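I opened this one to see what the side chains are up to. Notes follow in the order I looked things up.

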Amino acid sequence: MDTSLKPIYTEPRKGDIVHSYLDNKKALDVLGWRPEYSLEDGLKETIEYYKVRYVEDEVAVMKEK
């Protein structure tokens, strides 16, 4: 994705999950479920949603002033 943001890596905090493994095979086998979006497409759509919503919220705040 096109961004100028850089990650900041720090020591894990208390309660952080150190390792996480995702496998949706059981959902596929039992429910026949398949994801509708790739991770990248889902993230892009989510980010765009919040960008638009943030701008709308900012405009509403400016109108109140």
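Before I judge any residue, the cut-offs: I call a residue buried under 20% relative accessible area, exposed over 50%, and partly exposed in between. I also keep in mind that this is a predicted model.

**Overall build**

I started with the secondary structure, and I get two helices and zero strands. Next I checked how spread out the chain is. The radius of gyration is 18 Å, well over the 11 Å that the globule rule gives for 65 residues, so I put the protein down as more spread out than a compact globule. The C-alpha trace spans about 55 × 35 × 25 Å along the principal axes.

How much of the protein is buried? I get 0% of the 65 residues. For the accessible surface I have about 7,200 Å², and carbon and sulfur atoms own 57% of that.

**Aromatics**

The partners are Y49 and Y50, with ring centres 4.9 Å apart and planes at 90°, which makes the pair edge-to-face. Then I asked how open each ring residue is. Y49 has a relative accessible area of 44%, so I list Y49 as partly exposed. Y50 comes to 52%, so Y50 goes down as exposed.

**Salt bridges**

How many salt bridges does the structure hold? I count three, and I took them in chain order.

R13 and D16 are up to begin with: their side chains meet in a salt bridge at 3.9 Å, N to O. R13 is exposed, because its relative accessibility is 65%. D16 is partly exposed, because its value is 37%.

K25 and D29 come next, with their closest N and O atoms 2.7 Å apart. I checked where these two sit: they are four residues apart in helix α1 (residues 25–31), so about one helical turn separates K25 from D29. K25 is partly exposed at 46% relative accessibility.

The remaining bridge joins the side chains of E40 and K44, at 3.3 Å from N to O. Both residues lie in helix α2 (residues 39–64), again four residues apart, or about one turn of the helix. E40 has a relative accessible area of 41%, so I mark E40 as partly exposed. K44 also reads 41%, so K44 gets the partly exposed label too.

**Nonpolar patch**

I then went over the surface for greasy spots. V30, L31 and W33 form a nonpolar patch there, with about 360 Å² of accessible area together. Where is W33 found? I place W33 in the loop between α1 and α2. With a relative accessible area of 43%, W33 counts as partly exposed.

**The histidine**

My last stop was H19, which lies in the segment before α1. Is H19 buried or exposed? Its relative accessible area is 58%, so I write H19 down as exposed.

**Where I end up**

Putting my entries together, I have a predicted model with two helices and zero strands, and buried residues make up 0% of it.

Definitions and conventions. Residues numbered from 1 in each chain as written. Predicted model: local features only at pLDDT ≥ 70, side-chain atom pairs only at ≥ 80, totals over all residues. Heavy atoms only, no water. Salt bridge = Lys/Arg side-chain N within 4 Å of Asp/Glu carboxyl O. Buried < 20%, exposed > 50% of the residue type's maximum accessible area, 1.4 Å probe, protein only. Patch = residues over 30% accessible without salt bridge, like charges linked within 9 Å, V, L, I, M, F, W, Y side chains within 5 Å. Areas by Shrake-Rupley, 256 points an atom, 1.4 Å probe, with all protein chains shown as cover. Phe/Tyr/Trp six-rings, centres within 6.5 Å; stacked < 30°, edge-to-face > 60°. Rg over C-alpha atoms; globule rule 2.2 N^0.38 Å.
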